[in-house]
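Hello,

Here is the structure I promised to pass on to you.

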Amino acid sequence: MSGSLPLRLFVPEPSARPGDIPDFSHLRFDPAGAVARPDPCSAESTLRHLPYALLRILDEEGKAVGDWVPDVSADVLIAGLRAMVQTRLFEDRMFRAHRQGKTSFFMKSTGEEAIGVAQAMALAPGDMCFPTYRVQGWLIARGYPMEQMIHQIYSNEKDPLKGRQLPILYSARDYGFYSLSGNVGSRFGHAVGWAMASAYKGDTRIALGYIGDGTTAEGDFHEALTFAAVYRAPVILAVTNNQWAISTFSGIAGAEHVTFAAKALAYGIPGLRVDGNDFLAVWAATEWAAARARANGGATLIEFVTYRASGHSTSDDPTKYRPADEAAHWPLGDPVVRLKAHLIGRGDWSEERHVQMEAELTEALRTAQRAADAVGTLGKSKPPLSEMFEGVFKEPDWRVIEQRRELGI
Ligand SMILES: Cc1ncc(C[n+]2csc(CCOP(=O)(O)OP(=O)(O)O)c2C)c(N)n1
Ligand SMILES: [Mg+2]
């Protein structure tokens, strides 16, 4: 057609690149306490404002404000703080272990610890989480042995998964931690399926599925939401929006004009948008969605707004694609610092106790690492070769038998 403009694609760009001043002015943040807490069993049609608000409980001074404040004792909050600090120390130590050649690969969740930790503590022991690699704090909060984690990270003889998974793709059914998958998004649908099975059997357990902001662009996300909404599956669907998917910013997954929580609207389920660096807000939102699911009210989508303070993995260098100091400018702060300030403000914690706790945790980690080092680091010790033939088929298969004979084991 003459006179028509040539068509152009729009490609979103992040607000700052290396060398620029970090800029988060495009993000909308409500003050703490601004969002009213509806009854968890409210009709979905009355909850449609929530995906555009931001649920926050801890204010700038560390005070817990508003009607979402959960009824959690100081001891439990201290346990949460401890698990977050332990996660951070553990991850820093394992990152160094990678640089020392002790493992092939590692990923950290620095800045996002409140999500896995608070959810592990707020949900019931029989519930099942379908994790991403970004929530290993769940395992730490539930007391999974550090030494066992390190054996897997080293892929040594005592690796509980016998060398069949990447170093950090844990599997721990007894801790409510379903096997992690390297194929991002694949577990979101499994969470819904598991929850549907629980309801089908008349059980009382609910599921929690995790997905990253970038992975919401995959079909798995939308398939899972369809099933969850249609069958009112007792599931919490958590999007950890840490602003980045490796080197790709969240705008590429559609974050610029609509929140991830707002994707729930199209499916007719509630969507909560929550400050993911506010331990109490993560707890309260999880409790709310769990109460709804347990009352047969169905699924809730929760977007946890957070920031990936570290690189994507040991293979990544984030200074190549974002300002080096962007994490320090993140307007929602650091989850450890915020919970610590809250507890100190209440008179339940002190700088001295914090330092002492860090020292204790460091010592326990050192002991666990020493024990794993003694078994063997990467390549120095391996699960027995015969393990690769075990647990593959229920009945021995002729191909496996033949291959095993060829290897003489
Ligand atoms: C199906 C699939 N596609 C691509 C990859 C490669 N990959 C691994 S992590 C990742 C980014 C995921 O980003 P996000 O969902 O935001 O999670 P985050 O790492 O930020 O927690 C990609 C593309 C993969 N592992 N699986
Ligand atoms: Mg991400």
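Below is what I found, starting with how to read it.

This is a predicted model, in which local features need pLDDT of at least 70, side-chain atom pairs count only at pLDDT 80 or more, and totals for chains, interfaces and linings use all residues. Residues are numbered from 1 along each chain as its sequence is written, chains are lettered from A and ligands numbered from 1 in the order written, and side-chain values use heavy atoms, without hydrogens and water.

Strand 1 pairs with strand 2 (residues 207-212) over three bridges, and C129 has L208 as its bridge partner in strand 2.

C129 is also buried, at 0% relative accessible area, whereas C41 is exposed at 52% (buried is under 20%, exposed over 50%, partly exposed in between, with a 1.4 Å probe and protein chains only).

Now the metal. The magnesium ion (ligand 2) is coordinated at 2.1 Å by D213 (OD), N242 (OD1) and W244 (O); donors are N, O and S atoms within 2.8 Å of the metal (3.2 Å for Na, K and Ca), and sites may look incomplete because water is not among the atoms. D213 is buried at 1%, and W244 is buried at 5%.

Happy reading!

Methods:
Pairing = 2+ DSSP bridges. Helix = DSSP H or I, 4+ residues; strand = E, 2+ residues; numbered from the N terminus.
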